[in-house]
Amino acid sequence: MSRRSDQEEICTHLGDDYDRYLGAIVPPIFQNTLFTRKTVDHGYTYTRVANPTTEIAEQKIAALESGEAGLCFSSGMGAISAVLISLLEQGSHVIYPLNVYGPTRTFIAGYMSRFGIESTAVKGSDLQEIEQAIRPNTRVIYLESPLSNTFELQDLRAVAELAQARGITTVIDNTWATPLLQNPLLLGVDIVVHSASKYLGGHSDILGGVVVGGRERLARISREERGLFGAVMDPHQAWLLIRGLRTLPVRMRQHEESALRIATFLEAHPCVERVLYPGLRSDPQYELGQSQMSGYSGLMSFVPRCGSDRVLGLIKGLRLFEEGPSWGGFESLINSPGLWLDDEASVRHGIPRGLLRISIGLENAESLMEDLDQALRSV
């Protein structure tokens, strides 16, 4: 059976255990906090520790990532912060890409510095820069490939090899690619995190995060960082996540097909200066992407020729794209991350002030291209 067939079977059936749940094709929601055990010791005590519904989602995502175990959290940042807290202590040093997801950057460089944790931001695509940033107290190299907004890749095999030789733990946010398109654990990375609010859920109606890695490491995070801080996913959110996973392979195929068409359309458009999308053959890291990803999702950026002063007019002129900061759902979205940067930050991050990020949803690709065309030409 092919890898893709395996993943489709995992999404549709793994962990559902029909005999256990009276043949129910959709497992029930265990919407309770307490599990009593006066007559049967079934292994459950309290939903903050473990819940049968949440465990199904964890099993599916862990299997998709080829990991030993998975843990569901109440948000993506709940998952990310729990992992980093579990790995770092006073005096530790962490390396991260400058254009990583904004709240992650704030947590690493801002919040964690209050506890004596040092950090270094690097470009990410430059392996030599990462190696030069390593210190004797470096404990974590945090990755996000592709990066938010700019969609630059990191060479996951090379970074993992570099870290392993020095006893450094690697962590990656794999939300953009999903487990269907990229499996960092198979490339040598130690821990994978996801925002389940994006493609895994797929319907813009859940908030959640997932961590996948070694069983022993995750058992400790479950007892300590998740158990003590209480950032566990609730059973109803887990049930919605399971529902989303069932259609993940179908949705990702549609996102990819439409996104490749739209990226190619924008690249050739006279009103567009540049498109940032690793699925384009013209992308400088296209070959690297081909070597570590099996496909591409629906999030990209482009820079219109109209200038940053007319970007808001372009956004308001769109009919099908809604304006919003999230992505990965059924709906197409547009956001302007560069517009709110000052000139110094724009240069430092390599994000033009007129840059627009779009999430390609499940609408008809032709209709989306027509919408982009009329808005671009209007400004």
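**Exercise 1.** Determine which residues I358 is in contact with, leaving aside its neighbours within four places in sequence.

*Solution.* Taking contact to mean heavy atoms within 4.5 Å, I358 is in contact with I262, L266, G298, L299, M300, F302, F321, L333, I334 and L372, once its neighbours within four places in sequence are left aside. The model is predicted, so local features need pLDDT of at least 70 and side-chain atom pairs count only at pLDDT 80 or more, whereas totals for chains, interfaces and linings use all residues. Residues are numbered from 1 along each chain as its sequence is written, and side-chain values use heavy atoms, with hydrogens and water left out.

**Exercise 2.** Find which residues of the largest nonpolar core touch the most other members.

*Solution.* A nonpolar core is a set of buried Ala, Val, Leu, Ile, Met, Phe, Trp, Tyr and Cys residues joined through side-chain atoms within 4.5 Å; buried means under 20% relative accessible area, exposed over 50%, and partly exposed in between, with a 1.4 Å probe and protein chains only. Of the 83 residues in the largest core, L241, L266 and I358 touch the most other members. Helix α10 (residues 248-267) gives the most to this core, with six residues; helices (H or I, at least four residues) and strands (E, at least two) are DSSP runs, numbered from the N terminus.

**Exercise 3.** Decide how strand β6 (residues 191-195) is enclosed and which strands it pairs with.

*Solution.* Five of the five residues of β6 are buried, so the strand is largely enclosed by the rest of the structure. In a regular strand the side chains alternate between the two faces of the sheet. Here I191, V193 and S195 on one side, and V192 and H194 on the other, are all buried. Two strands pair if DSSP finds at least two bridges between them. Three bridges join β5 (residues 169-173) to β6 in parallel, with V171 opposite I191, while β6 and β7 (residues 209-213) pair in the antiparallel sense over four bridges, with V192 opposite V212.
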